[in-house]
Structure formats: C-alpha cells, structure tokens
Amino acid sequence: MIGEALALFGAVLVLLSAIGVLRLGDVLARLHALAKASTLGVLLLLAGAAVNLRDLNDLTSVVLAGILHLLASPPASNMISRAVYLVEGVPDSALDERREPEPDHTV
Amino acid sequence: MTQATLFILAAAALLFAVRLAVGPSLADRVVALNGLIIVGMGAIATQAAHTSVGSFLPTLVAISLVGPIGTGMIARYIEGRS
C-alpha cells in the first residue's frame, strides 16, 4: 500500500516535469523542469517498487539502479546546460553571472 | 492504484513526445528523450512491483547508466558542432 502511494507520488512528479518541459519558454528552463522534478520522481518510483518487492535479488537491482541514476543524471543535465550556454547563451532578461563585464573606458 | 500510476506515466510520456516532435533545437529533443527514458524506468519498476516478476529489473540498471551517458555524448556534440 505505501509502496503504491510512493509510486503514485513519483508518477505525479514526473507528470509535472513533463508539463514544465512542454510549456516553459526556453531550453534552460525546460532542462530545469526536467532535471529537478524527475530525479526525485524516479527515486520515488523506484522506492515504491522496492517496498513491494520481496526477492533480495530484485531489491538490489532496484537500489543499484537508483544509486546509478542519482550519480549519472545530474552531470548529464549539467553537460547539456553547459553546451546550450556556450553555443546559444542565455536570454537577455536572465541573470548571467558568468558573462565578462564591459570594459570601463571612462577613467 | 497501479493502474492510476501507469496512466499518469502514459500522460507524461505523451507530453514528452509532443516536445520531442515540436522542439525547435536539438537540445530540446534531448531533454524530451531524457524524459521518455525516465518514464520508461518508472513504468518498468511499477510493473515489476505489481506482478512481483523481477526479470526486467537488470534492464533498469542498464538504462539508468546508458541514458545519461548518451545525453552527455549529445551535449559534447552540440558543443563541438558550432
């Protein structure tokens, strides 16, 4: 019962991130919606499955998949956002802390 | 409750597929594919817990490694293309 509730909550999080990916304005915002919500969503789905599984062999597979996903997914999102920033930059309205300041010629 | 979970995951997969078809740039499509991978992982885990058949769970381990590695490779491609 509690495992199914966890899986349902995780599925709702994945659906929310899908709505964000569909509706947000630019690539970095869509990446933000996907990377945060769906990491937690997948972990909740795997936790819901792990609560219901009885065999130790299956349990270790689910736990290993969760750990590997938690280790591998955020760096991949970071690589995509870094590539988008280097190629396209950010929109002018967004805060860009990495941009070089304008040279000061008044002095 | 398992049926509700699978229906919600199917709706999320539909939204990700729309973004995959529409998405203007390559990075948009990569984001949508990443979401589809996540939906697949969740569906495999939910189905395994519902039927208590763990045959597909090693696939989950493989997907959880191969998906982010593929995303990183496409990121390097986007960087080097321009």
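Predicted model: local features only at pLDDT ≥ 70, side-chain atom pairs only at ≥ 80, totals over all residues.
**H1(A) against H2(B)**

Next I listed the residues that make the contact. H1(A) brings A:Gly3, A:Ala7, A:Gly10, A:Ala11, A:Val14, A:Ser17, A:Ala18 and A:Val21. H2(B) answers with B:Val31, B:Ala32, B:Gly35, B:Ile38, B:Val39, B:Gly42, B:Thr46 and B:Ala49. Sorted by class, the contact of H1(A) with H2(B) has 10 nonpolar and 6 polar residues, with no charged ones.

**Chain B against chain A**

I found 43 residues of chain B in contact with 45 residues of chain A. Which helices of chain B supply the side that touches chain A? H1 (2-22), H2 and H3 of chain B each give at least two residues to it. H2(B) gives the most, with 15 residues. By class, I noted 27 nonpolar, 13 polar and 3 charged residues on this side of chain B.

**H2(B) against H3(B)**

I stayed with H2(B) and turned to its packing inside chain B. H2 runs over residues 26-51 and H3 over residues 57-81. They pack at an angle of about 175°, with their axes 10 Å apart. That angle makes H2(B) roughly antiparallel to H3(B).

From H2(B), the contact residues include B:Leu26, B:Val30, B:Asn34, B:Ile37, B:Gly40, B:Met41 and B:Ile44. From H3(B), I noted B:Leu57, B:Leu60, B:Ile63, B:Gly67, B:Ile74 and B:Ile78 among them. The contact of H2(B) with H3(B) has 13 nonpolar, 6 polar and no charged residues.

**B:Ser52**

Last, I checked the loop between H2 and H3 of chain B, where B:Ser52 is found. B:Ser52 has a positive phi of about 60°, although it is not a glycine. Most residues other than glycine have a negative phi. Is B:Ser52 buried or exposed? I found 11 C-beta neighbours inside 10 Å of B:Ser52. The cut-off for exposed is 12 or fewer, so B:Ser52 counts as exposed.

Terms used:
Residues numbered from 1 in each chain as written. Chains lettered and ligands numbered in written order. Axes fitted to C-alpha atoms, helices over the stretch in contact; angles between N-to-C directions. Helix = DSSP H or I, 4+ residues; strand = E, 2+ residues; numbered from the N terminus. Parallel < 35°, antiparallel > 145°, perpendicular 65-115°, else oblique. Contact = placed C-beta atoms within 7 Å. Nonpolar A, V, L, I, M, F, W, Y, C, P; charged D, E, K, R; others polar. Buried ≥ 20, exposed ≤ 12 C-beta atoms within 10 Å, placed from the backbone.
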